[in-house]
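Please keep the structure open beside you as you read.

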Amino acid sequence: MQIEIDSDSGFCFGVTTAINKAEEKLSADKTLYCLGDIVHNGMECERLRGMGLITINHEQLSGLSNTKVLLRAHGEPPETYALAARNNIEIVDATCPVVLQLQRRIKKMYDSNPDAQIVIFGRNGHAEVLGLVGQTHNNAVVVENIEDVQRLDFHRDIYLYSQTTKSLDEFHHIIEYIQQHMAEGATFSSFDTICRQVANRMPNIAAFAARHDLILFVSGGKSSNGKVLFKECSGVNPNSHQIEGPDQIDMGWLEGVDTIGICGATSTPKWLMEQCRDKILEYNENKNIKQ
């Protein structure tokens, strides 16, 4: 039985930077607050919790003062920075540069044309999306699918952006729909703001899934990027299973399998995929000893 770990899977640049910043601060201060899960992977969050990282929510943030708080790669709305300034909180800003640039573009558009419809293709309530909507004083419209798009006012100007980790194909479908329904005299502009480090994983992970008998896709349940990439895997290879860690591997899946591919989301640490590989190797070794 051959096992391959996808070399393209694992933390993206933004997540890697955020975790490195957290580890650097913790090595000096021993305690650091993080606003929300630093990454949508429970096992990596648990590892950092053991180092002293304390995850808090926005309500808990409002009760802090004179301390340090890390902002994760997803970014935050302007209100968070204002609160930190009032409470003398030192911000350790780990916002992904791609997300930060997108925030600035949306803010600039809103400030110059506050009457236009600024539309964001993304998941309602997602941390990145909340930060993007915050650039417009919460006036931007979030659309998750074509049904949401149908409720837009096509007689008003529309400026469309995307959460950085969304599907490029879905984004293009939304663009086509809006183009077909815009009223005469109204302006429509779309801005491809999807992170290419994420988007390029789609064709790569599809090719990876196609060359294996079994795919184990390792991802936390909260990961939006994980949902998109797993959908791509299972579309190419129906014998794909999404798991959060080695304990969720059903060894019955291995029956009749010659090659196993292990891959994951941009929020999946390499060490976790390696643990899944090692769990299978240990199982096969014990199985052979018994035979």
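## Ala199 and the chain around it

Ala199 sits in helix H9; helices here are DSSP runs of H or I with at least four residues and strands are E runs with at least two, numbered from the N terminus. At 12% relative accessibility, Ala199 counts as buried, a word that stands for under 20% relative accessible area, with exposed over 50% and partly exposed in between (1.4 Å probe, protein chains only). Its C-alpha atom is separated by 21 Å from that of Arg104, 95 residues away along the chain.

This is a predicted model, in which local features need pLDDT of at least 70 and side-chain atom pairs count only at pLDDT 80 or more, while totals for chains, interfaces and linings use all residues. Residues are numbered from 1 along each chain as its sequence is written, and side-chain values use heavy atoms, with hydrogens and water left out.

## The chain as a whole

The chain has 12 helices and 12 strands. Its C-alpha trace spans about 75 × 55 × 25 Å along the principal axes. Of the 291 residues, 51% are buried. Contact means heavy atoms within 4.5 Å; among contacts with a separation of 6 or more, 71% are between residues 24 or more positions apart.

## Two nonpolar cores

A nonpolar core is a set of buried Ala, Val, Leu, Ile, Met, Phe, Trp, Tyr and Cys residues joined through side-chain atoms within 4.5 Å. The largest one holds 18 residues, and Val149, Leu152, Phe154, Ile158, Leu160 and Ile178 touch the most other members. Strand E6 (117-121), strand E8 (158-162) and helix H8 (168-181) each supply at least two residues of this core, with H8 giving the largest share, five residues.

Leu152 shows who meets whom: beyond its neighbours within four places in sequence, Leu152 is in contact with Gln117, Val119, Val141, Val143, Ile158 and Ile178. Apart from this core lies another, of 16 residues, including Leu32, Cys34, Ile38 and Leu70.

## Aromatic pairs

How many aromatic pairs does the structure hold? There are four, where rings of Phe, Tyr and Trp (its six-membered ring) pair if their centres lie within 6.5 Å; planes under 30 degrees apart count as stacked, over 60 as edge-to-face and the rest as tilted. For Phe154 and Tyr177, the centres are 6.3 Å apart and the planes at 55°, so this pair is tilted. Phe154 lies in the loop between helix H7 (146-149) and E8, and Tyr177 in helix H8, so the pair ties together parts that are 23 residues apart in sequence. Both Phe154 and Tyr177 are buried.

Tyr161 and Phe191 make a stacked pair, at 4.7 Å centre to centre with 15° between the planes. This pair links distant parts of the chain, with Tyr161 in strand E8 and Phe191 in the loop between strand E9 (188-190) and helix H9 (196-199), 30 residues apart. Tyr161 and Phe191 are buried too.

## One face of helix H4

Within helix H4 (residues 78-86), the buried residues include Thr80, Leu83 and Ala84. Down the axis of H4, its buried residues fall within an arc of 100°, so they line one face of the helix; the arc is that of the directions from the helix axis to the C-beta atoms.

The buried residues of H4 are covered by parts including strand E2 (32-35), helix H3 (58-62), strand E4 (68-71) and strand E5 (90-93). On the face turned away from the buried side are the exposed residues Ala85 and Arg86. Just after H4, Asn88 takes a positive phi of about 55°.

On a 1 Å grid over the protein atoms alone, a cavity is a set of points where a 1.4 Å probe fits but cannot get out, and a pocket is an open set with protein on both sides within 12 Å along at least five of seven lines; lining residues have an atom within 4 Å of a point. Grid points are joined across faces, edges and corners, and a volume is the space filled by probe spheres set on the points. The largest cavity has a volume of about 280 Å³. Its lining has 21 residues, of which Cys12, Val15, His74, Thr165 and Thr266 lie nearest its centre. Helix H1 (13-29) and helix H11 (224-236) are the elements that give two or more residues to this lining.

Thr266 is in the loop between strand E12 (259-264) and helix H12 (270-290), and at 6% relative accessibility Thr266 counts as buried. The largest pocket holds about 180 Å³ of space, and His58, Arg72, Gly125, Ala127 and Leu130 lie nearest its centre among 16 lining residues.
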